[in-house]
Every structure is written in structure tokens, then in C-alpha cells.
Amino acid sequence: MCCCFVSPVSSRFRVLSAIMARFVKFSKEELEAKLETSIPTNTKRANEKAARAFRAYLEVDEGQASSDFESFNVDKLDQYLQGFWYGARDLKGNKYKASTLDNLRHSLNRYLHAPPHCKT
């Protein structure tokens with residue numbers, strides 16, 4: 001018998017154990033914790049800032065008693081966002097630069113798509 005002979009069972013076992021070592025199982029709590037820490041702090045802060053700005057717009061400019069825009073349907077949200085983008089100003093009353101409005105738009109989009117809102 002040749003000393004180089006490898007049984008098919010042992011080679012299959014090595015392949016399976018290599019595949020198993022490649023993936024790790026996490027509990028639901030561990031996954032939620034990892035997802036929570038996967039979003040950088042500055043991104044979370046920017047998302048909250050955009051949401052506060054839109055909420056302030058609804059309260060002041062639109063006279064909305066309820067600024068709970070997370071529960072708006074798509075058409076209502078679209079209507080208010082149009083006015084927000086055209087009427088948005090900084091704290092001094094100056095128009096935002098296009099890049100700042102773009103950042104606000106992306107931050108608000110991330111805010112609305114993130115749990116628990118999950119708007120699509």
C-alpha cells in the first residue's frame with residue numbers, strides 16, 4: 001500500500017471542517033449588537049441632525065402640530081419634503097450650498113430607511 005494514500009472520507013472531513021471554520025454563528029442579540037455598532041457615530045449624528053431639521057421645518061414652516069414624519073405615507077412625505085428642500089436655510093437664514101442639501105438628503109434617507117422606521 002502506498003503511504004500517500006488519503007481516504008476519501010478523511011479528505012471530505014477536512015473540506016467540511018474548513019468550510020465550517022469559515023463561518024461563525026451568532027445569536028440574535030449578538031447580531032443586533034454588531035449591527036448597532038456597524039454604523040459610525042458621525043453618520044448616526046448626521047442622520048439625527050437631518051431628522052431634527054426636517055422636524056423643525058414641519059413644526060415652524062408648515063404649522064404641523066405633529067412632526068411625527070416617520071409615520072407619514074409616501075405621498076404626504078413627498079409633499080412636505082419638496083417644500084423642505086426649496087425652503088431650507090441655515091440658522092442664519094442663508095441658503096444651504098448644494099452639497100449641504102445633498103448631505104441632508106442622504107442623511108434623511110438613511111434615517112428613514114434604518115430601523116425602526118424602515119421606509120421604502
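Glu70 is found in the loop between α3 (41–60) and α4; helices here are DSSP runs of H or I with at least four residues, strands are runs of E with at least two, and both are numbered from the N terminus. The model is a predicted one, in which local features need pLDDT of at least 70, side-chain atom pairs count only at pLDDT 80 or more, and totals for chains, interfaces and linings use all residues. Residues are numbered from 1 along each chain as its sequence is written, and side-chain values use heavy atoms, with hydrogens and water left out.

With a relative accessible area of 13%, Glu70 is buried (buried means under 20% relative accessible area, exposed over 50%, partly exposed in between, for a 1.4 Å probe and protein chains only). The side chains of Glu70 and Arg55 make a polar contact of 2.5 Å. A polar contact is a pair of N or O atoms within 3.5 Å; within protein, one must be able to donate a hydrogen and the other to accept it, and residues adjacent in sequence count only if both atoms are side-chain atoms. Not counting residues up to four places away in sequence, Glu70 touches Arg55, Tyr111, Leu112, His117 and Lys119, where contact means heavy atoms within 4.5 Å.

Lys119 sits in the segment after α5 and is buried, at a relative accessible area of 19%. Apart from neighbours within four places in sequence, Lys119 contacts Phe69, Glu70, Ser71, Phe72, Asn73, Leu112 and His113. Lys119 and Asn109 are 10 residues apart along the chain, and their C-alpha atoms are separated by 8.8 Å.

## Packing of α3 on α5

Two packed helices are described by the angle between their axes and the distance between the axes. The axes of α3 and α5 cross at roughly 100 degrees and come within 8 Å, so α3 is roughly perpendicular to α5. Axes are lines fitted to C-alpha atoms, for helices over the stretch in contact, and angles run from 0 to 180 degrees between N-to-C directions. Angles under 35 degrees count as roughly parallel, over 145 as roughly antiparallel, 65 to 115 as roughly perpendicular and the rest as oblique.

On the α3 side the contact involves Thr43, Ala46, Asn47, Glu48, Ala50, Ala51, Phe54 and Arg55, which meet Leu104, Ser107, Leu108, Arg110 and Tyr111 in α5. By class, this contact of α3 with α5 has seven nonpolar, three polar and three charged residues; Ala, Val, Leu, Ile, Met, Phe, Trp, Tyr, Cys and Pro count as nonpolar, Asp, Glu, Lys and Arg as charged, and the others, Gly among them, as polar.

## Ser107 in α5

Ser107 lies in helix α5 and is buried, at 5% relative accessibility. Its side chain is joined to that of Arg110 by a polar contact of 3.1 Å. Leaving aside neighbours within four places in sequence, Ser107 is in contact with Ala46, Asn47 and Ala50.

## Packing of α4 on α5

Helix α4 (residues 74–87) packs against helix α5 (residues 98–113) at an angle of about 155 degrees, with the axes 12 Å apart. The pair is therefore roughly antiparallel. Leu77, Leu81 and Trp85 of α4 make the contact with Leu101, Leu104, Arg105, Leu108 and Leu112 of α5. This contact has seven nonpolar, no polar and one charged residues.

## Overall make-up

The protein has five helices and zero strands. Of its 120 residues, 18% are buried.
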